[in-house]
Amino acid sequence: MESKKLTLNYLLLIFIAVAVVVQVFILNKHSTMGDQLSLINQKINGAETDNNYMSQKIASLSAMTVIADEAKQYGLTTPSSVLSLAGSLPLAANLRL
Amino acid sequence: MTRRINLIFILFLLFFCAILVKLFFLQVISFEGLAGLAEKQRSALIPIPASRGRIFAADGSPLVINQKTYGIYLEPKNLADKEKVIETLAKELGIPTATIAAKLNTSALWLPIAHQVDEETMTEVKTDKLKGVGFMDESTRYYPESSMAAQLLGFVGKNTSGESQGYFGLEGYYDQQLRGRDGSILEERDPLGNPILTADRQTIPAENGRDLKLYLDKTIQFIAEKYLQKGIQDYGAKGGTVTIMDPKTGGILAMVSFPSYDPAHFGKYREDLYKNPIVSSSYEPGSTFKVLVMSSAINEGKIKSDSIINEEGPVEIGGYTINTWNQKYHGKITATQVLDYSSNVGMVNIEKKLDHDTLLRYIENFGFGQPTGVDLQEETSPDLRAKNKWYEIDYATASFGQGIAVTPLQMIHAVSTIANRGKLMEPHVVKEIDLPDGSTISISPKVVRQVFKPEVASILTEMMVSAVDNGETRVIKPAGFRIAGKTGTAQIPIAGHYDSQKTISSFVGFAPVENPAFVMLVTLAEPTSSPWGSETAAPIFFNIARDLFSYLGISPSS
């Protein structure tokens with residue numbers, strides 16, 4: 001009974017020692033991974049800058065003055081008279097069938 | 001021997017005491033200072049700047065967004081080759097060498113050299129790898145539509161503390177909503193400057209500014225800007241404005257004024273251009289005001305549209321003579337014809353039927369003498385004269401829109417009641433405020449008051465249609481459409497008298513009358529080709545209206 005208790009104590013001590021070593025190892029590894037976080041942050045910043053640039057470009061290309069100039073280049077002109085396709089109701093709609 | 005041992009013991013004791021004293025000094029007396037120094041060495045506070053809210057048109061297209069730019073600074077103590085740095089920066093940033101050299105003649109540790117530098121220039125400077133030159137992230141406003149609606153949007157400048165602040169227009173009015181709140185990260189760093197992941201890290205997230213979504217339709221704005229610019233050139237005017245409003249909601253669909261400025265380079269323009277004249281400048285509305293006095297008289301039951309009004313000759317009031325604008329008199333005419341002929345004499349006679357107190361009450365009910373409540377920073381309202389300072393002649397001239405000052409927005413605001421069955425709506429530029437968490441605050445249309453009965457609005461609408469169809473503008477109105485409108489030509493008061501050569505011509509109206517989609521006011525300042533509203537402001541109004549019918553899919557009614 002006494003020797004069993006002693007073995008359990010040894011096992012517990014070994015477990016604690018291993019856990020401490022693992023903790024030190026992990027903490028040590030994590031402590032030196034800051035450069036990777038910096039790298040990820042740099043990539044995020046880069047992506048944000050690209051995204052910002054693209055949305056700026058899209059907004060510029062869809063500006064009214066740009067569209068109007070393009071339309072002019074393609075020969076589109078303002079209609080001189082308004083043609084309405086939604087005038088009076090068609091005859092069939094008035095039959096009240 | 002014992003003596004030597006004692007001496008050494010005493011010496012050791014003294015050293016020990018000295019170490020104790022030093023330790024006491026370091027650990028107790030200097031504790032706070034040294035702890036702070038240590039904290040400073042290993043901790044870094046990284047600011048997270050909040051992104052300023054964007055501004056979008058009604059269709060969701062951006063009017064104002066943020067552009068990433070950079071600030072460039074120098075650390076004089078770290079400069080390896082001072083001359084080379086000055087020369088390179090001067091060349092790449094376009095700053096005179098003397099300016100940079102002068103800045104370096106101080107004992108400062110940190111010197112900002114340039115702000116709002118674009119990505120390309122920053123990369124160029126960075127590739128030079130100059131020691132002692134640093135970069136920081138900045139943000140600046142970008143306007144995809146260039147100077148469109150500049151005076152409505154306002155601009156972002158720096159306040160006395162060097163912080164970004166919105167000025168004028170929406171940027172000024174919604175500055176607190178747009179600016180957001182900066183955040184920060186407090187973290188420990190290793191000697192290489194990389195964060196230590198296992199150490200404490202405190203993050204206060206930045207709260208980005210709120211986005212604004214406007215009633216403004218950029219196509220309508222573009223159309224209005226195009227025709228106003230052309231009109232100012234064609235009629236040799238000093239400037240002009242166009243305001244287009246949705247009468248049912250009070251939403252501003254377009255707001256244009258010229259001369260204007262480029263908000264991206266506001267510093268290059270005169271300061272007096274920053275204020276939006278539609279909400280901050282006053283003018284005498286002239287004949288456009290007649291429709292409001294007419295609606296008051298009809299609502300009070302004093303006249304009907306077919307009531308006979310005397311226009312047999314000039315009217316004498318308080319020693320002054322009031323004539324018609326063209327010195328023509330038609331004898332007995334109907335109230336509708338008073339608007340058709342734009343008769344000053346007819347209006348004076350109508351005002352006589354409406355007692356003075358009632359006229360003043362209606363003027364106030366239409367919103368004159370007080371700000372409209374529009375969400376633009378620089379809105380002002382010309383004061384109405386105190387009641388005891390109104391003389392007979394003042395009531396008479398007010399009936400045809402002279403001697404009373406209003407802002408263009410107050411004028412369109414009041415006329416929109418006719419297009420909205422007598423209801424006065426609070427004008428608004430912003431329709432929605434979008435929060436960073438994805439939720440939205442909708443700004444509901446607000447009815448200020450019912451100024452007159454809905455049936456009076458219908459009568460006035462028909463009278464205004466008649467004024468367009470039978471008045472001076474009948475030959476230029478778009479065929480097939482029923483448009484309600486009224487011209488206005490007001491002389492400009494200068495040093496206590498009116499200058500007959502200088503006028504503000506205007507046209508106010510709405511269409512289609514069956515279900516008004518827009519109410520529009522055009523004003524032109526001092527047109528030189530003709531002083532009359534019917535020959536200057538009205539053609540601009542109809543040109544814009546013609547394009548709006550096509551754009552909004554409004555069919556001709558006949």
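The second largest pocket of this predicted model has a volume of about 1100 Å³, where a pocket is an open set of points on a 1 Å grid over the protein atoms alone, with protein on both sides within 12 Å along at least five of seven lines, and the volume is the space filled by probe spheres set on the points. Its lining, meaning residues with an atom within 4 Å of a point, comprises 42 residues, and Ala68(A), Phe222(B), Ile223(B), Lys226(B) and Asp547(B) lie nearest the centre. Two or more lining residues come from each of α3 of chain A and α6 (150–153), α9 (218–234), β12 (252–258) and α18 (537–552) of chain B, with helices (H or I, at least four residues) and strands (E, at least two) taken as DSSP runs.

Chain A and chain B bury about 2000 Å² between them, 61% of it on carbon and sulfur atoms; this is the accessible area (1.4 Å probe) lost on putting the two parts together, summed over both. On the side of chain A that touches chain B, α1 (2–31), α2 (34–61) and α3 (64–73) each supply at least two residues, and α2(A) gives the largest share, 11 residues.

Residues are numbered from 1 along each chain as its sequence is written, and chains are lettered from A in the order in which they are written. Local features need pLDDT of at least 70, while totals for chains, interfaces and linings use all residues.

Methods:
Predicted model: local features only at pLDDT ≥ 70, side-chain atom pairs only at ≥ 80, totals over all residues. Heavy atoms only, no water. 1 Å grid on protein atoms, 1.4 Å probe; cavity = no way out; pocket = protein on both sides within 12 Å on 5 of 7 lines; lining within 4 Å.
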